[in-house]
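Trainee: Could we go through this structure together? I would like to begin with the aromatic rings and then turn to the helices.

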Amino acid sequence: MTTITKNKVTDLFLLNKPTNSNFVELRKAGLDYLESNGLPALKEEEYKFTQISKRLEQQITNFKSAQPASLSKELVQKAIFEGFDGDIIVFNNGEFVPTLSIISQQNYSFSLLSDAKPEILGSIAKVENDPFVALNNLAFNDGVFISVPKGKKVEKPIYLLHLNQANQGQVVNQRVLIDVADSAEVTFLENTISLDEESYFSNTVVEVKVAQNSHAHYYRLQNENRQAIVVNNFVTDIHRDATFTSVATQLQGGMLRNNLTMNLLDSGCEGNMYGLYLLNGKTHVDNHTNVDHTKPHADSNELYKGILADSSRGVFNGKIFVRQDAQKTNAFQQNNNILLSEDAIINTKPQLEIWADDVKCSHGCTTGQLDEEALFYLQARGIGKEQARGLLLYAFAGELMEHILYQPFQQYCTNLIQDRLGSKF
């Protein structure tokens with residue numbers, strides 16, 4: 001039996017670690033890190049507002065990987081939104097399901113990680129980035145590798161559909177590696193759906209390499225059940241003259257932690273990250289972002305907005321690093337929030353660390369309530385209070401949807417947001 005002294009929940013994961021023999025070096029790195037450091041303890045700075053380990057100990061009773069759930073073509077079809085036209089990659093509790101997926105490989109290639117054995121696996125999302133990367137290294141069974149060759153444009157989006165359910169186990173480990181070669185272009189959509197209301201823990205690592213002069217878009221929707229405990233580590237390396245854009249829409253879950261890192265590794269590259277969280281009930285969402293400027297003449301834009309009701313809680317911690325060589329950097333970061341309840345809480349901390357002297361960088365945050373004057377103005381023109389309230393909230397939130405360039409998915413997310421805001425949110 002493996003025991004460590006950091007905390008009980010780490011011991012439970014190590015006791016139930018898989019015995020898969022693939023990815024030996026990756027698993028050893030994960031095991032070494034966890035045995036030395038453990039998962040976050042209650043007082044650790046990076047997780048002080050989001051006590052994942054405590055929640056796992058309270059809710060998860062079986063720390064083994066969940067067995068596949070029962071899926072059908074009809075169930076997958078329900079998750080395909082109106083107007084969608086593209087490929088779909090289906091995951092069942094973190095495992096790829098070929099029989100329910102549609103993979104044309106038109107201008108891209110697809111394989112399991114165990115078949116492809118790509119050298120860059122684990123080189124983008126490193127164990128020292130976050131303890132849950134180390135846990136994923138140790139626990140994932142297999143993952144998928146998507147590669148877009150040099151000069152190719154994938155005309156239709158690639159839809160990653162995750163279907164999760166605590167089935168004879170409560171831990172879901174998912175791994176995705178994406179390699180976008182020089183002068184290529186691709187759009188990814190991601191949606192995670194809970195199949196029931198039972199507790200489970202989902203731990204995902206996505207690594208993306210965006211090579212020289214390429215363009216990648218990644219649009220995510222999180223709308224899981226109110227018992228789900230989720231950690232996402234999403235790490236992107238962006239190279240010379242390349243552009244990467246992420247848009248994350250977060251609507252529901254139990255406790256969600258999103259770690260998004262963009263490494264701007266050369267001149268002329270651009271990284272954009274946008275996020276919207278609409279929280280009610282007791283949903284807890286924590287967005288930790290890192291933007292690392294390492295070379296001159298690179299741009300980054302970051303805007304996260306939140307609307308919080310009931311006893312929900314949001315956390316935003318955004319860091320921008322500008323290294324000494326990164327002169328002429330242009331970096332923007334903003335976090336804006338509306339609280340609709342006296343019991344809703346937001347902890348926000350935008351940060352800049354700058355070692356260069358010729359840069360344009362700004363950051364800020366706002367937290368407040370609905371504008372009563374604007375609400376009165378709309379009501380004075382015959383608009384009912386609830387409708388006026390919904391219009392103002394959507395005006396605040398809708399800006400983020402404009403960054404989703406694939407219109408059917410933008411409309412799908414917009415409809416979900418409008419339904420949420422149109423109710424007594």
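Mentor: Let us begin with a definition: a charge sits over a ring if NZ of Lys or CZ of Arg is within 6 Å of the ring centre and within 35 degrees of the ring normal. Please note that this is a predicted model, in which local features need pLDDT of at least 70 and side-chain atom pairs count only at pLDDT 80 or more, while totals for chains, interfaces and linings use all residues. Residues are numbered from 1 along each chain as its sequence is written, and side-chain values use heavy atoms, with hydrogens and water left out.

Trainee: Which residue lies over the face of Tyr47?

Mentor: Arg257 does, at 3.8 Å from the ring centre. Lys305 lies over the face of Phe396, at 4.7 Å from the ring centre.

Trainee: And how many aromatic pairs are there?

Mentor: Rings of Phe, Tyr and Trp (its six-membered ring) pair if their centres lie within 6.5 Å; planes under 30 degrees apart count as stacked, over 60 as edge-to-face and the rest as tilted. By this rule there are 16 aromatic pairs. One of them joins Phe81 and Phe84, which are edge-to-face, with 5.4 Å from centre to centre and 65° between the planes.

Trainee: Are Phe81 and Phe84 buried or exposed?

Mentor: Both Phe81 and Phe84 are buried. Buried means under 20% relative accessible area, exposed over 50%, and partly exposed in between (1.4 Å probe, protein chains only).

Trainee: Which residues form an aromatic cluster with Tyr47?

Mentor: Phe13, Phe63, Phe132 and Phe201 form one aromatic cluster with Tyr47.

Trainee: Now the helices. At what angle do α2 and α6 pack?

Mentor: Helices (H or I, at least four residues) and strands (E, at least two) are DSSP runs, numbered from the N terminus. Axes are lines fitted to C-alpha atoms, for helices over the stretch in contact, and angles run from 0 to 180 degrees between N-to-C directions. Helix α2 (residues 24–37) and helix α6 (residues 131–139) pack at about 135°, and their axes are 7 Å apart. That angle makes α2 oblique to α6. Angles under 35 degrees count as roughly parallel, over 145 as roughly antiparallel, 65 to 115 as roughly perpendicular and the rest as oblique.

Trainee: Which residues of α2 meet α6?

Mentor: Contact means heavy atoms within 4.5 Å. In α2, Leu26, Arg27, Gly30, Leu31, Tyr33 and Leu34 meet residues of α6, including Pro131, Ala134 and Leu135.

Trainee: What about α8 and α9, then? How do they cross?

Mentor: The axes of helix α8 (residues 385–401) and α9 come within 10 Å and cross at roughly 155°. The two helices are therefore roughly antiparallel to each other. Gly390, Leu393, Tyr394 and Met401 of α8 make the contact with residues of α9, among them Gln410, Cys413 and Thr414.

Trainee: Where is Gln407 found?

Mentor: Gln407 is in helix α9 (residues 407–422). Gln407 counts as partly exposed because its relative accessibility is 49%.
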